[in-house]
Amino acid sequence: MNSKNLIKKALQIRLDILKAVKIAKKGHIGGSFSIVDILVALYYGGIIRFDASNPDWENRDRFILSKGHAGVAMYAILADLGFFPKEELDFLNNERMLGEHPDQFIPGIEVASGSLGHGLPIASGMALADKLDQKVERKTFIVLGDGECYEGSVWEGANFAAHHGLHNLCAIIDRNSLITHGSTEDINGLEPMKDKWCSFGWDAHEIDAHNMDDLLNFFRSLSNNSGKPVALIARSVKGKGVSFMENNAAWHHGGIDEEKYNIAKEELERGGVSHE
Amino acid sequence: MSDLSNVDMRDAFFDVFYDLAAANPDIYFLSADHGAFSLERFQRDFPDRYINIGIGEQNMIGLSAGLSLSGKIVFSYGITPFVSLRVLEQISLDLASMGANVNIVSVGAGFTYSTDGPTHQGLQDLSAVLTTPNITVLNSSDPASTRAFAQMGVDKKGPKYIRIEKGALPLLERKESDDFSSGVSSIKEGADLTIIASGAIIHEAIKASQFLRDEYSLEVGVVDLYRVKPLPEHELLKLVKNTKKIVTLEEGYLDGGMGSMVAALLAEQSICKPFKRLGINNHFCFDYGTRDYLLDLYCLNGRKVADTLAVWCRGNV
C-alpha cells in the first residue's frame with residue numbers, strides 16, 4: 001500500500017474508532033487517534049509480519065500495545081485486517097469479546113495490557129528468546145504511552161534490553177505530551193525524552209507520528225545491525241484529526257454525543273483537520 | 001532417602017533443577033542478583049540460560065512472561081518479599097492471567113532473614129499471592145518436598161510460586177506412597193487435635209505435638225499442607241475428619257494466610273470443631289535475632305505452641 005492509500009486507511013480507522021466509542025458511550029479516543037498512523041504504517045505498510053487467518057503463526061512478528069487504554073485503535077486495525085469480524089467493533093465494552101483494554105483472547109493480541117509499565121519487560125523477554133534462538137528475521141514491536149514512561153518498570157526493562165543488545169526490539173513512544181489531567185511537562189516533566197532513551201543505551205530517534213512517509217522510511221530502514229534496541233519518540237497529537245479533540249486532555253477518555261460525533265465524522269471524512 | 005536428611009534446601013532444589021535443565025534446553029533461570037552455592041554449577045555449565053537481571057524484580061517477572069510466551073520454561077529467583085509483594089501485579093497480570101510457564105522460586109519464607117526486619121521477612125507473601133487466580137502455591141517443608149517442587153516446575157504447566165528454604169531441614173516421615181500429587185501429607189495422626197502447618201514451621205508443630213503428648217497426654221496429629229493453592233480441599237477434610245480440634249500454624253501474617261484459607265474451607269463445609277489459627281497477628285516485627293529467637297518471641301516454636309494449645313484445649317473441651 002502506498003503512502004497515499006495508507007493516509008486514507010488511517011482516516012478510515014479513525015472513523016471506525018469514533019463509531020465504536022460512540023456506540024460504547026465511552027472510550028479512549030485521544031490516545032487512540034495519536035497512534036493510528038503508527039499502527040497503520042506498521043500493519044499496512046508491510047512492516048509487521050502477520051497472518052490474520054492464523055494469528056498464532058509461528059514466524060509472526062510480535063506486537064505489544066503496552067498503552068492498553070488505546071485498545072480500540074488496535075481493535076479497529078485487527079478487525080479491518082480480518083483477524084475477527086468487523087461487527088465486533090459495534091459491541092465494544094458490551095458483553096462480547098472486546099473490552100476497554102486488550103487481552104490475549106482477542107485474535108491478534110499477544111498479551112493483556114492496561115496497567116502501564118508491564119509491556120517493555122515482556123517485549124524484552126520475547127526479543128531475548130528470539131535472539132537466543134537465533135530467529136534473526138523476527139522483530140518485536142511495542143507501543144508505549146509517554147505517560148507510561150513515568151512507571152519505573154519501563155526503565156528497568158529499558159536498561160535490560162540495552163545491556164543484552166536486543167536489536168530486534170523496537171519501542172515506539174507515543175509522545176502526545178498529555179496525560180489525563182494535563183501536560184506532562186507541567187505535571188512532571190519527561191523531557192528530554194530522546195536523551196533519556198539514548199542514555200539508557202538505545203538507538204533513539206524522533207519522528208512526526210503523523211507523517212506517513214517518514215514513518216514508513218523509518219520502519220523500513222530498521223536493521224538488525226545496530227546492536228542496540230531502537231526507540232522511536234513519535235511526536236504525536238492527542239486526538240489527531242479532529243479539531244476540538246486535538247491537544248485536548250479532556251478527550252483522554254469519555255463518550256461523544258451525537259452533535260460532536262457528526263462534526264468529528266465530517267472532519268475526518270474531509271480528510272481530517274488540516275494544519276496547512 | 002536418608003541421604004537427604006542433612007541437605008541444604010537450596011541444594012535439594014537446585015540439584016534437581018540442574019538435571020532437568022541439562023536435559024531440556026528450553027529451561028531458563030533468571031535471578032534478581034540472588035545466588036546459591038548449588039546454583040553455580042548451572043551458571044557455569046549453561047551460561048546462556050542463566051541470566052542475572054540485576055536488581056529489578058518487576059522487569060524479571062515481565063521478562064519471564066515474555067520468555068515463557070516464546071516457549072521457554074522459566075525459573076525466576078529472588079528473596080521472598082521482592083518476588084511476591086513487590087511484583088504482585090506482574091505475578092497476577094503477566095504470569096497468572098496469561099497462564100505463563102514461570103516458576104517463581106522464593107527464598108526467605110517467614111523469619112528466614114531473621115536479622116533483617118520487615119523489609120526482608122517473608123510474612124506477607126502467601127497472603128498476597130494466594131489472592132491471585134490461576135497460580136499454584138507450593139511451600140517447602142523438607143528436602144523431599146523441595147525436590148518434588150523442582151520437578152513439578154518442569155512437569156506441571158502454568159505459573160507457580162515456590163517457596164524454598166535456606167539451610168538444612170530434617171526429612172519428614174511421609175507415607176511411602178506419597179508422591180506429592182495430593183497437596184497435603186499426613187505426618188502423624190492424633191484424635192485430640194490436629195495441627196495443619198505449612199513450610200518449615202511444621203517441624204515446630206511436630207515438637208509441639210510431642211510436648212502435648214508427654215506433658216498433657218494429648219494425641220496430636222500433624223499435617224503438612226505443602227500446596228496451599230489450589231487448596232487440596234477433599235484430602236484436607238479427610239485428614240481432619242477424625243480429630244476433635246483443628247489448629248493451623250504458619251510463620252506469617254494471619255490475615256489472608258494459609259489458616260484463613262483453611263478456616264473458610266471448614267466454615268463452608270460446616271465442620272463445626274474448635275478451631276484456632278497461630279501466626280503473626282496484625283503486627284510488624286521490628287525484632288532482630290536468630291530465627292529461633294523470633295519464633296520463640298512470637299510464641300511460634302514447639303514449646304510455646306504446646307503451651308498455647310494446652311491452655312486453649314482446656315477452654316475448649
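Mentor: The contact takes 20 residues from chain A and 20 residues from chain B, where two residues are in contact if their C-beta atoms, placed from the backbone, lie within 7 Å. On the chain B side, α3 and α4 (88–96) each supply at least two residues. α3(B) gives the most to that side, with 9 residues. Helices here are DSSP runs of H or I with at least four residues, strands are runs of E with at least two, and both are numbered from the N terminus.

Before we go on, keep in mind that this is a predicted model: local features need pLDDT of at least 70, side-chain atom pairs count only at pLDDT 80 or more, and totals for chains, interfaces and linings use all residues. Residues are numbered from 1 along each chain as its sequence is written, while chains are lettered from A and ligands numbered from 1 in the order in which they are written.

Now for a pair of helices that reaches across the two chains. The axes of α6 (residues 152–163) of chain A and α3 (residues 57–69) of chain B come within 8 Å and cross at roughly 70°. That angle makes α6(A) roughly perpendicular to α3(B). Axes are lines fitted to C-alpha atoms, for helices over the stretch in contact, and angles run from 0 to 180 degrees between N-to-C directions. For the wording, under 35 degrees is roughly parallel, over 145 roughly antiparallel, 65 to 115 roughly perpendicular, and the rest oblique. The crossing of α6(A) and α3(B) is right-handed, that is, the near helix is turned clockwise from the far one by less than a right angle, with anticlockwise being left-handed. Which residues meet there? From α6(A) come Ser153(A), Glu156(A), Gly157(A) and Phe160(A), and they meet Gln58(B), Asn59(B), Gly62(B) and Leu63(B) of α3(B).

Let's step back into chain A. It has 10 helices and 7 strands, and its C-alpha trace spans about 55 × 45 × 35 Å along the principal axes. With 276 residues, a compact globule would have a radius of gyration near 19 Å, and the 17 Å of chain A agrees with that; the radius is taken over C-alpha atoms, and the globule rule is 2.2 Å times the number of residues to the power 0.38. Buried residues make up 52% of the 276 in chain A, where buried means that 20 or more other C-beta atoms, placed from the backbone, lie within 10 Å of the residue's own, exposed means 12 or fewer, and partly exposed is in between. Of the chain A contacts between residues at least 6 apart in sequence, 76% join residues at least 24 apart. Take helix α3 (residues 36–44) of chain A: 9 of its 9 residues are buried, among them Asp37(A), Leu39(A) and Tyr43(A). Just after α3(A), Gly46(A) has a positive phi of about 75°.

Over in chain B, we can look at the sheets. One open sheet has 7 strands in the order β2-β1-β3-β4-β6-β5-β10, with mixed pairing. Its edge strands are β2 (50–52) and β10 (227–229) of chain B, each pairing on one side only; two strands pair if DSSP finds at least two bridges between them. Neighbouring strands in this sheet are turned by 20° against each other on average, direction ignored. Helix α1 (residues 9–23) of chain B packs on the sheet, touching β1, β3, β4 and β6 of chain B, and its direction makes about 135° with that of β6(B). Helix α6 (residues 143–155) of chain B packs on the sheet too, at about 155° to β6(B). The axes of α1(B) and α6(B) come within 8 Å and cross at roughly 30°, so these two helices are roughly parallel to each other. Their crossing is right-handed. The residues making this contact include Phe13(B) and Phe17(B) of α1(B), and Phe149(B) and Ala150(B) of α6(B).

Chain B also has an open, mixed sheet of 5 strands, ordered β7-β9-β8-β11-β12. Its edges are β7 (185–188) and β12 (275–280) of chain B, and neighbouring strands are turned by 25° on average, direction ignored. Helix α7 (residues 202–216) of chain B packs on this sheet, its direction making about 170° with that of β9(B). β7(B) runs antiparallel to β9(B), joined by 3 bridges, and Lys188(B) stands opposite Val222(B) of β9(B).
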